[in-house]
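The sequence and structure are shown below.

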Amino acid sequence: MKGIRIVATGKALPKKSVSNEELSSIVETSDEWIVTRTGIHSRFQCEEESCLTLAVEAARAAIESAGISKEEIGLILAASTTSDYAFPSTACMVQQQLGISEEVTAFDISAACTGFLFGLGTARALLPQLPKRYALLVGAEQLSRIIDYTDRSTCILFGDGAGAVIVESADHEFYQKSWSRGDVSALSCHGPGLGEQHIRMNGSEVFRFAVSAMEQGITEVLQDRNLTMEDIDLVVCHQANARIIGHVQRKFRGYEDKFFINIDSYANTSAASIPLALDDLNKAGRLKGGSRIICVGFGAGLTWSSALIEL
Ligand code: UT7
C-alpha cells in the first residue's frame with residue numbers, strides 16, 4: 001500500500017491565554033507545582049471561539065498553505081472529543097463552512113488524544129480509493145467545555161486549540177502500529193444525557209500507561225522497519241505532560257534532542273496536540289523533505305498509536 005505525504009499544516013488558537021497564576025485563583029494550586037509536575041506554563045481557552053470555529057480556521061490555514069483548490073479535497077476527517085454538535089459531524093460542518101462541494105467523504109474520528117493519528121492511518125487507507133487527490137485532517141478541541149474547574153488534578157492540564165494537515169497518497173514510507181485496551185475507568189467523560197460531562201482521570205495510572213505505551217510504540221515501529229533512532233530525525237509525542245515525555249526520552253538515551261516539546265504554552269490539547277506540534281515544526285522549518293519522523297500518541301480507551309512518516 002502507498003504511504004502518505006504531508007503537504008501542508010495549519011493551526012488555530014483562541015485569543016485568550018490562561019496562566020498558571022490565574023488558575024491558582026480558582027483552585028488550590030501554584031505555578032511552581034504545575035510547572036514542575038507538567039511543564040505547562042499557560043493554555044488557551046475559548047471565549048468567542050468554539051471547537052468548530054477553531055477547526056475551520058486551522059483547516060483554512062492548511063489549505064492556503066498547501067496552495068490547493070478546495071475542489072481537490074476528497075476526504076475530510078475531524079478528530080475531536082468536544083465537537084459543537086453530537087451530530088452532524090465536525091467534518092461535515094467544516095465542509096459546509098469552507099464551501100467544499102459534495103463529492104467528498106466526511107466524518108469524525110472518536111479516539112480522544114489518539115484520534116489524529118488514527119485519522120492519518122484512515123486517510124492513508126482511503127485516499128487511493130477516492131476520486132480526488134487530497135485529504136484534509138483536523139484535530140480540534142474545546143476541552144474547557146468538559147473541564148471540572150474544581151478538580152485541580154485535571155483542570156490545570158488541558159487547553160483548547162486545533163491543528164490541521166493536508167495529506168496525499170504518495171510513495172513515501174508510512175508505517176503505523178496501533179493498540180486498544182478497552183479500558184473505561186482510567187480516563188473518561190460521559191456523553192450527552194448521561195449526567196455531568198467532565199473529564200475523570202486516574203492521573204498516576206494514565207501517567208504510567210503513557211510512558212510504557214509511547215516507549216512500545218517507538219520501539220516496535222523501529223524494530224519492524226529495521227531502523228534505529230539514528231535513522232529518525234524527530235519524535236513528536238502527544239503533549240500530555242513534559243514529565244511523561246521526559247521519561248520516554250530517558251528510554252532512548254543519546255537521542256533526547258530528537259523529541260519535540262511544545263506543551264509549555266498549549267497544555268494538553270488532546271486530538272489537536274500532534275497537528276499543533278507539526279504546524280509549529282513546519283513553521284520553524286524543521287519538517288524537511290526526505291527526513292523521517294515518528295508521531296506517537298495515547299489516549300482514553302486506552303488507545304495508543306505510533307506512525308513512522310517519511311516527509
Ligand atoms: O491525554 C492524556 C490525559 N492525561 C494524562 O496524560 C495525565 C497523566 N498524568 C499526569 O500528568 C499526572 O499524574 C498529573 C499531572 C495529573 C498529576 O501529577 P502527579 O505528579 O502524578 O501527582 P499525584 O496525582 O501523584 O499527586 C501528588 C500530590 C497530591 O497531594 P497529596 O495526596 O500527596 O497530598 C495531589 O493532591 O499533588 C496534589 N495535586 C496538586 N497539588 C497542587 C494534584 N494536582 C495538584 C495541583 N496543584 N494542580
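## Packing of α7 and α8

In this predicted model, helix α7 (residues 203–224) packs with helix α8 (residues 242–251) at an angle of about 40 degrees, and their axes lie 9 Å apart. Angles under 35 degrees count as roughly parallel; α7 and α8 are therefore oblique to each other. The crossing in which α7 passes α8 is right-handed.

From α7, the contact draws on Phe207, Ala210, Val211, Met214, Glu215 and Ile218, while α8 provides Arg243, Ile244, His247, Val248 and Lys251. Classified by residue type, the contact of α7 with α8 has seven nonpolar, one polar and three charged residues.

## Packing of α3 and α4

Helix α3 (residues 51–66) and helix α4 (residues 90–98) cross at roughly 60 degrees, with axes that come within 10 Å. These two helices, α3 and α4, are therefore oblique to each other, and their crossing is right-handed.

On the α3 side, Leu52, Ala55, Val56, Ala59, Arg60 and Ile63 meet Thr90, Met93, Val94, Gln97 and Leu98 of α4. By class, this contact of α3 with α4 has eight nonpolar, two polar and one charged residues.

## Ligand surroundings

There are 23 residues around the ligand, of which Thr29, Arg37, Arg152, Asn241 and Asn268 come nearest.

Gly203 places a backbone N or O atom 2.9 Å from a nitrogen atom of the ligand. A polar side-chain atom of Trp33 lies 3.4 Å from a ligand nitrogen atom. Arg243, one of the α8 residues in the contact with α7, has a polar side-chain atom 3.2 Å from an oxygen atom of the ligand.

Terms used
Residues numbered from 1 in each chain as written. Predicted model: local features only at pLDDT ≥ 70, side-chain atom pairs only at ≥ 80, totals over all residues. Heavy atoms only, no water. Axes fitted to C-alpha atoms, helices over the stretch in contact; angles between N-to-C directions. Helix = DSSP H or I, 4+ residues; strand = E, 2+ residues; numbered from the N terminus. Parallel < 35°, antiparallel > 145°, perpendicular 65-115°, else oblique. Left-handed = near helix turned anticlockwise from the far one by under 90°. Contact = heavy atoms within 4.5 Å. Nonpolar A, V, L, I, M, F, W, Y, C, P; charged D, E, K, R; others polar. Near = heavy atom within 4 Å. Polar contact = N/O pair within 3.5 Å; in protein donor to acceptor, adjacent residues only side chain to side chain.
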